[in-house]
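Student: I would like to learn how to read cores and salt bridges in a model. Can we work through a case?

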Amino acid sequence: MTENDTDIFGKKVPILIRNVRINGKSSEIYIEDGNIKEIGEKVKEHDAEFIIDGDKATALPGMANMHTHSPMTLLRGYADDMQLFEWLSTKIWPTEAHLTPEDIYWGAKLACLEMIRTGTTLFNDMYFSMDKVADAVEESGIRACIAYCMIDGNDHAKFESEAKVMTETVKNIKARNNPRIIPAVSPHAPYTVSEEGLRWCAEFSDKENIPLHIHVSETEQEVKDCVEAHGMRPPKWLDFCGVLSPRCIAAHSCWLDSDDIALYAKRGVTAVHNPISNMKLAGNRAMPYSELKKAGVNVTIGTDGASSNNDLDMFSEMKTAAILQKFFWNDPTVMPASDVLNAATANGYEALGIKGGVLEAGYAADLILVGRNPMNVPLFNSDSNSVYAASGLAVTTTICDGVVLMSDGFIPGAEEIMDTGEKHAFDLAKRAAGN
């Protein structure tokens with residue numbers, strides 16, 4: 001794809017991208033110091049170290065996967081077609097108990113590889129051994145917000161140990177001084193974290209001025225249990241504990257009523273739509289997107305983990321998000337393609353306070369090229385093709401922070417990551433089975 005033979009990977013140098021389409025119009029993009037410096041039908045002559053011929057590809061902002069558990073790539077296809085809590089309690093949690101830090105590292109490496117391959121440049125992650133995830137992010141060149149996931153089970157001693165790990169994780173991530181990696185706080189959910197834990201996480205998020213990432217109202221049973229335990233629905237309970245704020249990123253948010261939505265809007269909460277995971281696990285309700293949008297709530301999109309999706313392809317997630325909304329709410333006008341694309345790009349960057357997710361001068365050079373192929377022809381509407389027709393495997397080039405991570409579908413080191421990741425996955429399964 002480049003006009004010279006120099007190695008294009010891993011270098012933050014001036015790049016000129018020619019012969020691409022933006023909103024159907026032939027365009028050029030000039031990148032310098034990790035940012036888009038100029039963009040238009042014809043940019044000025046620049047002293048670019050690399051020139052990329054887009055070959056009529058569609059240029060888009062990089063995808064922002066706003067809710068996932070990256071190391072769970074190791075459990076892709078490990079347990080499917082089960083009820084949510086049975087799946088968690090009999091398959092996922094028991095197997096996760098056998099994870100090693102090296103498993104987590106290679107699972108995250110595999111996730112970063114998949115996301116780069118399918119056009120994601122930013123992801124919002126919660127899991128365990130997050131220093132290992134940070135290593136994988138640092139090496140891959142992708143951008144991420146990562147949080148240790150607190151589960152204390154209403155046990156004070158467990159809360160204290162979890163709070164200590166979370167504090168150390170945030171400290172270690174900040175010490176890396178890597179602008180591509182943002183630390184966050186993550187109480188798992190209202191039903192797995194005590195009031196003490198929720199209040200501590202809210203206060204710690206405020207003190208450190210970092211995001212708070214949590215599962216909220218994923219199932220009807222979760223809502224019923226919260227009302228029975230606390231006399232209020234999950235959003236109100238979380239607000240009572242101080243959790244809801246503009247820093248709060250609420251994954252799933254399926255079973256919301258009008259009061260919940262008004263509370264999200266009042267507190268500035270970001271909601272994350274995870275349609276494939278919720279459909280696969282039969283959550284039985286789609287996020288009330290239209291009401292959230294009408295209330296002014298920032299809505300984003302995420303894949304969830306690869307154990308419940310089973311991929312991290314945001315193009316697949318965009319199409320499913322749009323179609324689920326139309327089908328469930330019986331309205332073909334709900335969540336049009338332009339809304340979906342914004343939810344999958346700009347809205348995620350906005351939620352994390354990053355000036356990116358938009359193809360404009362002055363924004364981060366986090367962008368992708370979707371190759372011209374039969375599913376992308378004719379190009380009547382770029383947003384429509386991107387959401388309804390394209391696949392993540394149609395992405396040919398991925399650039400993050402002005403650095404090329406994939407060119408012509410090639411990512412350095414991909415084979416080693418896949419081979420080693422698969423080995424760790426099978427070794428983990430054997431240990432979990434007692435073999």
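The dialogue below takes up the cores, then the salt bridges.

Tutor: This is a predicted model, where local features need pLDDT of at least 70, side-chain atom pairs count only at pLDDT 80 or more, and totals for chains, interfaces and linings use all residues. Residues are numbered from 1 along each chain as its sequence is written, and side-chain values use heavy atoms, without hydrogens and water.

Student: Which residues have the most contacts inside the largest nonpolar core?

Tutor: A nonpolar core is a set of buried Ala, Val, Leu, Ile, Met, Phe, Trp, Tyr and Cys residues joined through side-chain atoms within 4.5 Å. Buried means under 20% relative accessible area, exposed over 50%, partly exposed in between (1.4 Å probe, protein chains only). Here the largest core has 101 residues, and Y264, L292, I301, F315 and M318 have the most contacts inside it. Helix α2 (residues 101-117) gives the most, 10 residues; helices are DSSP runs of H or I, at least four residues, and strands are runs of E, at least two, numbered from the N terminus. A second, separate core has 20 residues, including F9 and L369.

Student: How many salt bridges are there?

Tutor: A salt bridge puts a side-chain nitrogen of Lys or Arg within 4 Å of a carboxyl oxygen of Asp or Glu. The whole structure has 21. One of them joins E28 and K42, with closest N and O atoms 3.5 Å apart. E28 lies in strand β2 and K42 in the loop between β3 and β4, 14 residues apart.

Student: Is E28 buried or exposed?

Tutor: E28 is buried, at 8%. K42 is exposed, at 56%.

Student: Which residues form a network?

Tutor: Salt bridges link K12, R143, D366 and D401.
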